[in-house]
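Colleague: I have a model open and would like to talk it through with you. Could we start with how the parts touch each other?

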Amino acid sequence: MDRKQLPSRCPLGTVSSDLRILQGNSSLELSEYWDRQFDGDNDDQEKLLKESSTLYVGNLSFRTTEEQIYELFSRCGAIKHVFMGLDKIKKKACGFCFVEYYNRVDAENAMWFLNGTRLDDRIIHTDWDLGFREHRQYGHRPEGQVRNANAFCEDFDVGRGGSGKQAQARDRRGIH
Amino acid sequence: MQKIYESSARLLPEKLTIYTTLVGLLNARNYNFGGEFVEAMIRQLKESLKANNYNEAVYLVRFLSDLVNCHVIAAPSMVAMFENFVSVTQEEDVPQVRRDWYVYAFLSSLPWVGKELYEKKDAEMDRIFANTESYLKRRQKTHVPMLQVWTAEKPHPQEEYLDCLWAQIQKLKKDRWQERHILRPYLAFDSILCEALQHNLPPFTPPPHTEDSVYPMPRVIFRMFDYTDDPEGPVMPGSHSVERFVIEENLHCIIKSHWKERKTCAAQLVSYPGKNKIPLNYHIVEVIFAELFQLPAPPHIDVMYTTLLIELCKLQPGSLPQVLAQATEMLYMRLDTMNTTCVDRFINWFSHHLSNFQFRWSWEDWSDCLTQDPESPKPKFVREVLEKCMRLSYHQRILDIVPPTFSALCPANPTCIYKYGDESSNSLPGHSVALCLAVAFKSKATNDEIFSILKDVPNPNQDDDDDEGFSFNPLKIEVFVQTLLHLAAKSFSHSFSALAKFHEVFKTLAESDEGKLHVLRVMFEVWRNHPQMIAVLVDKMIRTQIVDCAAVANWIFSSELSRDFTRLFVWEILHSTIRKMNKHVLKIQKELEEAKEKLARQHKRRSDDDDRSSDRKDGALEEQIERLQEKVESAQSEQKNLFLVIFQRFIMILTEHLVRCETDGTSVLTPWYKNCIERLQQIFLQHHQIIQQYMVTLENLLFTAELDPHILAVFQQFCALQA
């Protein structure tokens, strides 16, 4: 299925588009897949997509919950993050989400075995996504630096939180 | 050209005879090509064996044997190779699994080439057979019970794979090697091929056993169908017929070749040649379930089989779904003797499958489970399936899809239980602090503000108040965790945010081991209706180091969880925890390796460049390596400790049960016991590579001769797996 045919696609790739995802601004839907705000050329995008462990999941029912996504996609491996796409005005789920795995191979499993199967009686569509920019920065630290010595922390959110848009977004949806 | 054939031999083993025929025809035209090809195959075989690539090696041996049929290889030299294979059974001080493989490689080639070899060298073959038979009689089979999907021998015995293959080859021999199933294109070219000059295989010495050699695990052959299951269709070949072996081999090969592309895989399976003479759908379903239920682990990820079966149902909507329904019914009927690990996979498969078909099922057919002890396998299975179905949909949907009689087996509505929520909780200790916290959380308090609110919470465990107030205080943990989780109950994301935002408070409260355990306990009290939430919270807490793996293990074996001890979610949490521990160790080991490599490269550059400044860089790197070394040792020690804790706890509760049954005079084999002992087996099987490192410790410390034989048997079966 050609990416260009997916009108509800609002790809991740920049901080500003991340925010838009959470706001679900449908006027920013790109008619073509390629993220125009991406800081590199199409070849760079393609290379990053080949390394990505984040998937876009589309054609979800508006009622599909984060919990259901976790249940289905956990069958392919340990999930790092699920971002439910939200409609800007209603702040409700609007048919797509992003699933980020810790390992690329798990995302590949999802592409092979969940793409085109059903969730909530709808045939879902999965596609590779660039993933959050901030996270990819963490993947390329200068040599010699051992990252935070505490164990599983490579995956821990606090490092990504701070003043990032994501943390703000989380707070918005979090405790009020 | 050669490369193409070589790789085809490996990648598409189900099309073996086509490729051997092509090689045969080429050899007839060009003798040198044949010679080079055979040499290349032998080299490849040696490499595969050295690289522990035994599955590939089997296909290579089979390919070579079929080249005998194509007049590329002279039969006597093939017999000589097989003689060398079977002589491995005489080797001493090697693992049985090594000897097993060579016997398997020999026997599994015979359906293709047995006839030809016997015709040319019957005396030698008889000798090889006699040696094989005496080996098979004397080899030990302690490992078999651990690998059987069902403990019952009826309706189909679950045979060890070599025993089954031996019986099949014996029968083939009795039938004078008449084998009608394999497609043999070379027969059509006999006039050309019989003119070809044959090559002799060079004498083949099996590579010696080394410490790094890892041989395939033994298997038990999964059988669920026989000819009575499809009375109207073609007859299903018997379990000891060589046709059964060849069909199953080929279907397994197709899956192996195409598992990543389910449409191709399904198409290849349903277009299996000769399908009109066999009940193909039954074979396909049996082979797929054989892989899904294989112990220790399926060859491919579980979810692949779900999707493959859905694809097959789409391709053959008029026939396959019925066979699948029949299979499901049979699996349900035999739940009482099914291995718990396999039941887990059955639950996961069935719930996911149903979610693709609007959860349509004839639940009334399974009404027999409603009158059974709820802890027995059938009602338990239905409960777990409904719980998983709910996770893939929502609570009301489940109530709608089952008949009203099944409501007792429906899962609880996954709501949060907040103990400070209603009027009656006024009298609970800490109630006022809870209210205070709730207000603070809602007004976006900081960690420090939370700390100061918690300072006032008295410690029920201590008479005099600790000045710092940060020692283990269960009440502090209770009010904090209950209130926070309740406020963040809306979704997983909300809860994860909460954990992240108040990470500091969590870490401080859960600093001690008792603290960690109590955090888990309180979290469980809040979310006991929502096992999925419990699992994701435990996962996050480990990853953010609020709790450690040992705390989770201890919590699972604690009395608070004893009521839920046999539920699937508990074991999913434990195995996920162990996997995280394993991944963590691997990650640090890799970091250490990379740092060492970097140092080596730097040294080499220095000797090339003679650069003084890199002395300093060296120092920093060496320091880093030392730190990483310590980290690795500490992580490995934590990993070993985790397994020891788990085994210890198993031994304790199993012994308790066994002693109680002895004094009460009741039977040991309760549903709880079967579940528990198989969960212990599951630990061994699912993490066997890591546990192999601890054998000496386990033998001397935990699984000693004084242990109850029921428990010791599990350990002994495990030891036998790679012995």
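**Chains, domains and one serine**

Modeller: In this predicted model, 52 residues of chain B are in contact with 44 residues of chain A, where contact means heavy atoms within 4.5 Å.

Colleague: Before we go on, what should I know about numbering and about how the values are made?

Modeller: Residues are numbered from 1 along each chain as its sequence is written, while chains are lettered from A and ligands numbered from 1 in the order in which they are written. As the model is predicted, local features need pLDDT of at least 70 and side-chain atom pairs count only at pLDDT 80 or more, whereas totals for chains, interfaces and linings use all residues, and side-chain values use heavy atoms, with hydrogens and water left out.

Colleague: OK, how much area do chain B and chain A bury between them?

Modeller: About 4,400 Å² is buried between the two chains, with 53% of it on carbon and sulfur atoms; buried area is the accessible area (1.4 Å probe) that two parts lose on being put together, summed over both. On the side of chain B, Arg262(B), Leu392(B) and Arg543(B) lose the most area to chain A, and together they make up 14% of what that side buries.

Colleague: And how many salt bridges are there between chain B and chain A?

Modeller: There are three salt bridges between them, a salt bridge being a side-chain nitrogen of Lys or Arg within 4 Å of a carboxyl oxygen of Asp or Glu. Arg397(B) forms a salt bridge with Asp121(A), and their closest N and O atoms are 3.2 Å apart.

Colleague: Switching to chain B itself, which domains does the assignment give?

Modeller: Chain B has domain 1 (1-194), domain 2 (260-409), domain 3 (431-547) and domain 4 (574-720), with bounds that come from an automatic or database domain assignment.

Colleague: How many residues are in contact between domain 2 and domain 4 of chain B?

Modeller: In chain B, 13 residues of domain 2 are in contact with ten residues of domain 4. One salt bridge is counted between these two domains, and Asp344(B) pairs with Arg679(B) in a salt bridge whose closest N and O atoms are 2.8 Å apart.

Colleague: Last one: is Ser213(B) buried or exposed?

Modeller: Ser213(B) counts as buried because its relative accessibility is 16%, given that buried means under 20% relative accessible area, exposed over 50% and partly exposed in between (1.4 Å probe, protein chains only). Leaving aside neighbours within four places in sequence, Ser213(B) is in contact with Asn52(B) and Pro208(B).
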